[in-house]
Amino acid sequence: MNKDNLNYFYEPKSIALIGASVKELSIGNIIIKNLVHYGFTGPIYPINPKVDEIRGIKAYPSIMDVPGEVELAHIVIPPPFVPEEVENCGKKGVKAIIINTAGFKEMGAEGQALEDDFLARAKKYGIRIIGPNCQGTINSDPKFNAYCNFTFTFYKPGSISIVAQSGGVGALIMQVLHDMEIGLRLYSSNGNGSDVSISEILKYYGDDEGTKVIILYLESLSNTKEFMEVAMEVAAKKPILAISAGRTEKGAAASKSHTGGLAGGVTMELIFQKAGILSFSNLEEICHAAIAFSSQPIPNGSNVGMITNTGGPAIIATDELVSCGMAMPPISEKAKAELKQTMLEQASINNPLDVVATAGAAHFKSAIEVMMNEEQIDGIYLTFVTPPFVDCVSVAKEIAEISKKQIKPIVCNYITDKQNWGETSKILADGGIPCFDYPETAAKALSSLSKYNEIRSRKKGSIKTFTDINKGKAKAVFDSVKAQGKEVLTAKDVYEILEAYKIPIAKWSIAKTVDEAVIEAEKIGFPLVIKADSKKIIHKSDVGGVAINIKNAEEVRTVVQNMQNKLQQPDLKFFIQEFLPESRELIIGVKEEEGLGHLIMFGMGGVMVEVYKDVVFKIAPTTDVEANEMLENIKSAALLNDFRGKKGIDKGKVSEILQRISTLVNDFPEIKELDLNPIFANENRVCAVDARIIM
Ligand code: ADP
Ligand code: MG
């Protein structure tokens, strides 16, 4: 058998339940109830040595006693007995096991030992395992009707597949879809993920023809690199909508750098971004978006044509669409001329197109067709209130008819009394029109489709190779740092490494004494800056370790003496640096992320960086396109352009530093954290005046 094949979890021909029970309020009973309720198409074998039958189905004392072949087994017995039953399954020739029972790895060392034990036995027989501590799987395909799960949600077959690291979240999503009469395709909740991982399930969904869109709920990743690879491959084929928990987690409380401190909790978001996954921060929105994805085509842009038969909700929708980055361009003269012929006299012929409340089927038909034919329109937003004086059934039929052609997506804010307009509602639902009660909800769902188009058509860019880099020189510095067991590099180490990577830095020198400082100062020239350099001093300006705009030798003496008296560090040295004219202060940083590599950060820098927190991250390596995006993605992006009489900064140089830093951490992955803060940037020159590297 193919070891990687997860087919037996979703398309089992026969299922046994080890730990089947006659007690109605038990998992061992409910799984059988669910399988029967949905009409599982193969034989079900309850395993229980004490009873003859469960729910009218013949029970067997042991899996070994089952007469026929068993492809999938559920195990719901207490943990200590699980390894032996896995062994029995192996002997019986079972292909896949869902261990629903909890009480393994999540309970500590003893549980971990049991988990290791059953995994080893499963491996011996080539059995794949989902769980333990999980709900299981569902396949709604009528060929199988495999509800291998103890949860409660009813489903109808559809094209949305769900994979959730939490059964609770999975159940919530399934129930929302069911309440909105939206179909489900595959479902998986893999609990501890001892064997079959989220990545494998994602890959399976990617290959499943019946899956049109995937909803993914993640809490953590055990193998980030594998996930990235699989997600990229699947996301290129079909939309993955994902939501992760723990977004507010304080990632690096004890961090020694600005970058480390600012990076907490962003990683999963960045992984989604890099993999081409559409990320959500709200469960309701992800469900609504999935509904739109499950029936509508992906638009080629973000221009909306709005059609409405009522005023207010359309205005609210317009605000929401625009705030989601959508636009509503005017319609063409040709379209206007056509609509003048087909619309009612009171209609407002524009975008939004108000067909007015008395509009009937023919008016809606023409309105939607004209909008669909407008080249500059990518998707249709519909507000449809059901006026009691209109034949709404016919209107709904027209909407469904046009939508069937799948030319451009339609999303609808449907305002009605569903009990009294049941037939109209059913026509829209059967026609696959995503209908939402609120204008904001409908607008967000439509904008998700267009965001996915943006992701899908995004240019990835290329990773630049710099031929002017002196890797050997940097390596010598790193080697000597390692030999000395240093964790925080001195200013001299850092600046030598940056020089080797042609990262521009302000002219500098180091002095140990007052006299040396004066000599070095004369060499650099006035005005200049003096900074305290000691491994104990992390943020120099906080302790009075930065003196700027020093104009002569006399001032150098005073400043150095003062710092010596005040700071009292045995390793204290003085960093002498040219004084730069006022510029925009930027930050570029790096933080190591376990299992992933490095994060690269860009933002507004200086001593206020933690106050403004205007920074963005990407996962290294950084391409040219990604580096440029980072400059555009900060909140204060406009400050980098011409601003109040100041010329815009040289963005090309900043982008190049980002790419050079990415190369540096790629060459020296042992770098834990790195800050260039600030980088002084104006229209002519971009250069770092403070830098820190932590190993
Ligand atoms: P730290 O971050 O350790 O406090 P910095 O070297 O970043 O120390 O200096 C703090 C601030 O001093 C900078 O944000 C910048 O405003 C100013 N500064 C530092 N170096 C220079 C320089 N060479 N020219 C002009 N101003 C500077
Ligand atoms: Mg600094």
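The legends below describe an overall view and several close-up views of a predicted model.

Residues are numbered from 1 along each chain as its sequence is written, and chains are lettered from A and ligands numbered from 1 in the order in which they are written. In this predicted model, local features need pLDDT of at least 70, side-chain atom pairs count only at pLDDT 80 or more, and totals for chains, interfaces and linings use all residues, while side-chain values use heavy atoms, with hydrogens and water left out.

**Overall view. The protein has 23 helices and 29 strands.** Helices (H or I, at least four residues) and strands (E, at least two) are DSSP runs, numbered from the N terminus. The C-alpha trace spans about 95 × 80 × 40 Å along its principal axes. Of the 695 residues, 56% are buried; buried means under 20% relative accessible area, exposed over 50%, and partly exposed in between (1.4 Å probe, protein chains only). Among contacts (heavy atoms within 4.5 Å) between residues at least 6 apart in sequence, 71% join residues at least 24 apart.

**Close-up 1. The magnesium ion (ligand 2) has N677 and D690 as its protein donors.** The donor atoms are O of N677 and OD of D690, lying 2.2 Å from the ion. N677 belongs to strand β27 (residues 673–681) and D690 to the loop between β28 (686–688) and β29 (691–694), so the pair ties together parts that are 13 residues apart in sequence. Donors are N, O and S atoms within 2.8 Å of the metal (3.2 Å for Na, K and Ca); water is not among the atoms, so sites may look incomplete. N677 is buried, with a relative accessible area of 6%. The peptide bond from N677 to P678 is cis, with omega near 0 degrees, and P678 lies in strand β27.

**Close-up 2. Helix α5 (residues 167–179) crosses helix α10 (residues 283–295) at roughly 50 degrees.** The axes come within 10 Å; they are lines fitted to C-alpha atoms, for helices over the stretch in contact, and angles run from 0 to 180 degrees between N-to-C directions. The angle makes α5 oblique to α10, given that angles under 35 degrees count as roughly parallel, over 145 as roughly antiparallel, 65 to 115 as roughly perpendicular and the rest as oblique. V169, L172, I173, V176 and L177 of α5 make the contact with L283, C287 and I291 of α10. These residues divide into eight nonpolar, no polar and no charged. Ala, Val, Leu, Ile, Met, Phe, Trp, Tyr, Cys and Pro count as nonpolar, Asp, Glu, Lys and Arg as charged, and the others, Gly among them, as polar.

**Close-up 3. L428 is a buried residue in helix α15 (residues 422–430).** Its relative accessible area is 1%. Not counting residues up to four places away in sequence, L428 touches F384, A396, I399, Y414, I433 and C435. The C-alpha atoms of L428 and E398 are separated by 9.6 Å, and these residues are 30 apart along the chain.

**Close-up 4. The peptide bond from A620 to P621 is cis.** P621 lies in the loop between β26 (615–619) and α22 (624–633).

**Close-up 5. Q406 has a positive phi, as does R644.** Q406 is partly exposed, at 35% relative accessibility. R644 is in the loop between α22 and α23 (651–667) and is exposed, at 79% relative accessibility.
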